[in-house]
Amino acid sequence: MSMKVLVTGAKGQLGTDLMNELKRQGLEGVGVDVEEMDITDAAACRRVISQANVDAVIHCAAYTAVDAAEDQVELCRKINGEGTHNVAVACREADVKMMYLSTDYVFDGSGTRPWEPDDERAPLNVYGQTKYEGELAIEEQLDRYFIVRIAWVFGVAGKNFIKTMLRLGKEKGAVSVVDDQVGSPTYTYDLARLLVDMIQTDHYGYYHATNEGECSWYEFAKEIFRQAGMNEVKVTPVSSEAFAAKAKRPANSRMNKEKLTEKGFERLPSWQDALERFLQVVEQ
């Protein structure tokens, strides 16, 4: 079945990989960024989405500067909450299905068991709260939607933890990394394949999608340097308290991905495998 899919935030880390994956699977992708469709402008969303004549919208555009969001509450809400509402309304009016990329930050990060897709949401920071508001807007407006929560995202086309570690390792030869936050990295290249598979089905609802396996940020950093052949870099584990950040982060970002298997979707490879492939294509 040939589909036409509109991708918001098409120039971002995930948007870039999604556009490539749509092409790879023989589907037509319509990429829009803020220049083509400002999601905070409800009329623009309705106009662009209705005129694009698409079957589905994958909504990646978001305000993602987690610490800055604590100071820029209104802007963050305008983009993640109201912007997502605008896209959802436009999808409803055009009668197209919608996929929204959400986050582990909608949970409070307590305990150690992996979060289930239908667990209670209680965000710890402004970014998480506004992404939660986006989820609610979609629930209210649409029947045909996918809400896919992802975490610890890295891709070739953007800033991310791996690139930061490689840079700091080269510049300083030593890094301090938090060891009391546990989750799973997500490679946008692998994620894009799953999302494009998913958008072609009607298995609607909430999903969790990250690469397989779990680690702390400290363990992630150690593996980055090991695979990059930078074993001389000293990596020191520190607590979240020792690492001054404006926004509170969840300690437990483990997410249960069994629903992917139940619905017949192919899960993502291990995060170590994803890291290895990422390092082969990224400029070091």
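Helices (H or I, at least four residues) and strands (E, at least two) are taken here as DSSP runs and are numbered from the N terminus. The structure is a predicted model, for which local features need pLDDT of at least 70 and side-chain atom pairs count only at pLDDT 80 or more, while totals for chains, interfaces and linings use all residues. Residues are numbered from 1 along each chain as its sequence is written, and side-chain values use heavy atoms, with hydrogens and water left out.

Within helix H8, Arg226 and Glu223 lie three residues apart, about one turn of the helix. These two residues, Arg226 and Glu223, form a salt bridge (a side-chain nitrogen of Lys or Arg within 4 Å of a carboxyl oxygen of Asp or Glu), and their closest N and O atoms are 2.9 Å apart. Relative accessible area is used to class residues as buried (under 20%), exposed (over 50%) or partly exposed (in between), with a 1.4 Å probe and protein chains only. Glu223 counts as buried because its relative accessibility is 13%. Salt bridges that share partners also join Arg121, Glu135, Glu139 and Arg149 into one network.

The structure holds 19 salt bridges. In general, side chains of opposite charge can pair when their charged atoms come close. One of the salt bridges is formed by Asp67 and Arg249, with the closest N and O atoms 2.6 Å apart. Because Asp67 lies in helix H3 (residues 66-69) and Arg249 in the loop between E12 and H9, this pair ties together parts of the chain that are 182 residues apart in sequence. Asp67 is partly exposed, with a relative accessible area of 27%, and Arg249 is likewise classed as partly exposed, at 24% relative accessibility.

A further salt bridge is formed between Asp95 and Arg144, whose closest N and O atoms are 3.4 Å apart. This pair, too, links distant parts of the chain, with Asp95 in the loop between helix H4 (73-94) and strand E4 (97-103) and Arg144 in the loop between helix H5 (126-141) and strand E5 (145-150), 49 residues apart. Asp95 counts as exposed, at 58% relative accessibility, whereas Arg144 counts as partly exposed, at 31% relative accessibility.

Aromatic contacts were examined next. Rings of Phe, Tyr and Trp (its six-membered ring) are paired if their centres lie within 6.5 Å, and a pair counts as stacked when the planes are under 30 degrees apart, as edge-to-face when they are over 60 and as tilted for the rest. The structure holds 15 aromatic pairs. Among them, Tyr207 and Phe265 form an edge-to-face pair at 5.9 Å centre to centre, with 80 degrees between the planes. The two residues are 58 residues apart and belong to distant parts of the chain, Tyr207 to strand E10 (residues 205-208) and Phe265 to the loop between H9 and helix H10 (271-281). Tyr207 is buried, with a relative accessible area of 0%, and Phe265 also counts as buried, at 9% relative accessibility.

The rings of Phe220 and Trp271 have centres 5.5 Å apart and planes at 80 degrees, so this pair is edge-to-face. Since Phe220 lies in helix H8 (residues 217-227) and Trp271 in helix H10, the pair ties together parts that are 51 residues apart in sequence. Phe220 counts as buried at 1% relative accessibility, and Trp271 counts as buried at 5%. Both residues belong to one aromatic cluster, formed by Trp152, Phe154, Phe161, Tyr187, Tyr189, Trp217, Phe220, Trp271 and Phe278.

Glu241 is placed in the loop between strand E12 (234-238) and helix H9 (258-262), and Glu241 counts as exposed, at 70% relative accessibility. Ala245 is found in the loop between E12 and H9 and is partly exposed, with a relative accessible area of 39%. The C-alpha atoms of Ala245 and Lys234, 11 residues apart along the chain, are separated by 22 Å.
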